[in-house]
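I'm jotting down what I looked up here, strand by strand.

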Amino acid sequence: MKRALFIDRDGTLVMEPPVDYQLDSLEKLEYYPKVFRNLHFITKQLDFELVMVTNQDGLGTESFPEDTFWPAHNKMLKALEGEGICFDDILIDRSFPEENSPNRKPRTGMLGKYMTGEYDLENSFVIGDRLTDIELAKNLGAKGILLRKPEEAEEELANYPVELVPVLITDDWDRITEYLFAGERRAVVQRTTKETDIYVEVNLDGNGQTEITTGLGFFDHMLDQIGKHSGIDLTVKVKGDLEVDEHHTIEDTAIALGEALLKALGDKRGIERYGYTLPMDDCLCGVALDFGGRPWLVWDATFKREKVGDMPTEMFLHFFKSLSDAARMNLNIKAEGENEHHKIEGIFKALARAIKMAIRRDIYKYELPSTKGLL
């Protein structure tokens, strides 16, 4: 079955004029950053048909004469064609919003031929900068990619009258192409024993959003550092036998988190693989990391206090050993300094930054970072 990318125009291919929202002159024509190289890559590497779907309010009326629309529109198409980017279909709705036209996004009136069963809509995408584009995806049965700053989009999504779940929110065409080409890197691990019940979810290509509840306040704070400073979305929900002690909760969380990282990394093609030394006030903390498939931990950090917060300091080594084993990664950790809180927080932050470096993926060099042919 055929697949399609239904792509909005203004705010997606070209920048939307900030004042009247009408691209009605050549002077207003400005292309969205990175759109050329990414659509070229998509065209050459993937099997999507390209379909432009755009609302142009009142096109052909006195408020928006056609002779002001076509010069900029045609120049845009010619520039794209010069880079090998040709649209298979261009659909323009000319109605005003108050007309409630069945052809106006997010309605699907213009898209009937794509809804006859010939197209794999479930694996097709709508890409646009407005929530109406994501609603169009929902109405089509396709997936929606929102080209917006994530922090702006989340609030708008929460207040939108229809529940919408974009598969990706980003303001970077590089991220869109990476998602379409290499797929998402998410993983869920549910680990239940007689001692703990743990749920971990990671999105390696997230925005650093975290939801952490382990029953140990300081542990929550440290795990939050991993998400925030690595840029991965991280959910950790733990019910542990804290009435016994903290050991099982900390150890089993490390195992589940390591398994989730390993699962989300997949075949590791295109990743940097290696990753950070980080100062924190009086301390210097270094974490060298290798997602090479072989677990090993070198630990050079000592603590004089029995606990930091409600977390026993003897469990720090145990946490990182369990994490290294489960994620099959090499960890070399060193911390210098006097303040115990700063030392362990610096270690967690350095780990996060090492993860951020190591998981960075380059689809333009989509090779396994190993001479062995397997990681």
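Predicted model: local features only at pLDDT ≥ 70, side-chain atom pairs only at ≥ 80, totals over all residues.

**Crossovers and pairing**

I started with the β-α-β unit made by β4, helix α3 (residues 131-140) and β5, and it comes out right-handed. For handedness I use this: with the strands pointing away from the viewer, the path from the first strand over the helix to the second runs clockwise. Helices (H or I, at least four residues) and strands (E, at least two) are DSSP runs, numbered from the N terminus. Next I followed the chain from β5 through helix α4 (residues 150-159) to β6, and this β-α-β crossover is right-handed.

Residues are numbered from 1 along each chain as its sequence is written, and side-chain values use heavy atoms, with hydrogens and water left out.

Then I checked the pairing (DSSP must find at least two bridges between two strands). Strand β4 (residues 125-128) runs parallel to β5, joined by 4 bridges, and Phe-125 sits opposite Lys-143 in β5. With strand β6 (residues 168-170), β5 pairs in the parallel sense over 3 bridges; there Leu-146 faces Ile-169.

How many of the 5 residues of strand β5 are buried? I get 4, so strand β5 (residues 143-147) is largely enclosed by the rest of the structure. My cut-offs: buried is under 20% relative accessible area, exposed over 50%, partly exposed in between (1.4 Å probe, protein chains only).

I also looked up Glu-151, which is in helix α4. Glu-151 counts as exposed because its relative accessibility is 58%.
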